[in-house]
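Let's take a walk through this protein together.

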Amino acid sequence: MVRVLVVDDDANVRFTVRVALEGSPPSGQPMAVIEAANGVEALQATQHDTFDLVLLDIMMPGLDGFAVLHALRQHGDDPPVVMLTARGREVDIVNAFRAGADGYVTKPFDVDELANLVADLTGLEVSERRALRVKELERAELLLQLEHGFGAGPPETSNPA
């Protein structure tokens, strides 16, 4: 069984993801969705349990998604992490991949696309995910340059990690 931790302060988002993943998983492999309403709950859950994938909102009260992602990676936990957020600017996507995210989905999202991404990422080896992360970061950085023009230089990005 694939275990997915969904971290979002919006109960409706958590419910939608639960129904989408537990209802008819695209991989055919049963999925169990565990919910956390904030970053503190997420870190507590990861201390007591192991997850095959984490869906992580960025904008949450208290610990935001970047802080949770940083804590997971610092602790040595390397499950695939997909940022699930309303922030869709290229600079946000670049920052997420630099911080160690494996995927980035903007809200509102298509539940079938999200379910397929979850299935794809949970089927990859760690080395494959890391290679994919590098490719996604390169793609996002190129889009950021295109968005702001090659001569103007990219806007300030941060490395949240």
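This is a predicted model: local features need pLDDT of at least 70, side-chain atom pairs count only at pLDDT 80 or more; totals for chains, interfaces and linings use all residues.

Does Ala119 count as buried or exposed? Ala119 belongs to helix 5, which spans residues 111–122. Its relative accessibility is 15%, and the cut-off for buried is under 20%, so Ala119 counts as buried.

The protein chain averages a pLDDT of 87, and 91% of the residues score at least 70. Among the elements, strand 3 (residues 53–56) has the highest mean pLDDT, 97, while helix 6 (residues 126–148) has the lowest, 82.

The largest nonpolar core has 28 residues, and Leu5, Val7, Leu56 and Met83 are the ones that touch the most other members. Two or more residues each come from strand 1 (2–7), helix 2 (39–48), strand 3, helix 3 (65–75), strand 4 (81–85), helix 4 (90–99) and helix 6. Helix 4 gives the largest share, 6 residues. To see how one member sits, select Leu56: beyond four places in sequence, its contacts are Val7, Gly65, Val68, Leu69, Val81, Val82, Met83 and Leu84. Another core, of 18 residues, lies apart from this one, and its members include Val2, Met31, Leu53 and Phe109.

Helix 4 deserves a stop of its own. Because 9 of its 10 residues are buried, helix 4 is largely enclosed by the rest of the structure. The cover over those buried residues includes helix 3, strand 4, strand 5 (103–106) and helix 6. One of the buried residues of helix 4 is Asp92, with a relative accessibility of 3%. Asp92 forms a salt bridge with Arg89, the closest N and O atoms being 3.3 Å apart. Arg89 itself is exposed, with a relative accessible area of 52%.

Most residues other than glycine have a negative phi, and most peptide bonds are trans. Pro108 is in the loop between strand 5 and helix 5.

Next come the charges. The whole structure holds 17 salt bridges. In one of them, the side chains of Asp102 and Arg73 meet at 3.0 Å, N to O. Asp102 lies in the loop between helix 4 and strand 5 and Arg73 in helix 3, so this pair ties together parts that are 29 residues apart in sequence. Asp102 also forms a salt bridge with Arg133, where the closest N and O atoms are 2.8 Å apart. That pair links the loop to helix 6, 31 residues apart. Both Asp102 and Arg133 are buried. Salt bridges that share partners join Arg73, Asp78, Asp102, Arg129, Arg130 and Arg133 into one network.

Arg129, a residue of helix 6, counts as buried because its relative accessibility is 5%. Leaving aside neighbours within four places in sequence, Arg129 is in contact with Asp78, Pro79, Pro80, Asp102, Leu121 and Leu124.

Leu142, Leu143 and Leu146 make a nonpolar surface patch of about 250 Å². Leu146, in helix 6, counts as partly exposed because its relative accessibility is 49%.

Conventions:
Residues are numbered from 1 along each chain as its sequence is written. Side-chain values use heavy atoms; hydrogens and water are left out. pLDDT is the predictor's confidence in each residue, from 0 to 100. Helices (H or I, at least four residues) and strands (E, at least two) are DSSP runs, numbered from the N terminus. A nonpolar core is a set of buried Ala, Val, Leu, Ile, Met, Phe, Trp, Tyr and Cys residues joined through side-chain atoms within 4.5 Å. Buried means under 20% relative accessible area, exposed over 50%, partly exposed in between (1.4 Å probe, protein chains only). Contact means heavy atoms within 4.5 Å. Patches are made of residues with over 30% relative accessible area and no salt bridge: like charges are joined within 9 Å, nonpolar side chains (Val, Leu, Ile, Met, Phe, Trp, Tyr) within 5 Å. Accessible areas come from the Shrake-Rupley method with a 1.4 Å probe; for residues, only the protein chains shown count as cover. A salt bridge is a side-chain nitrogen of Lys or Arg within 4 Å of a carboxyl oxygen of Asp or Glu.
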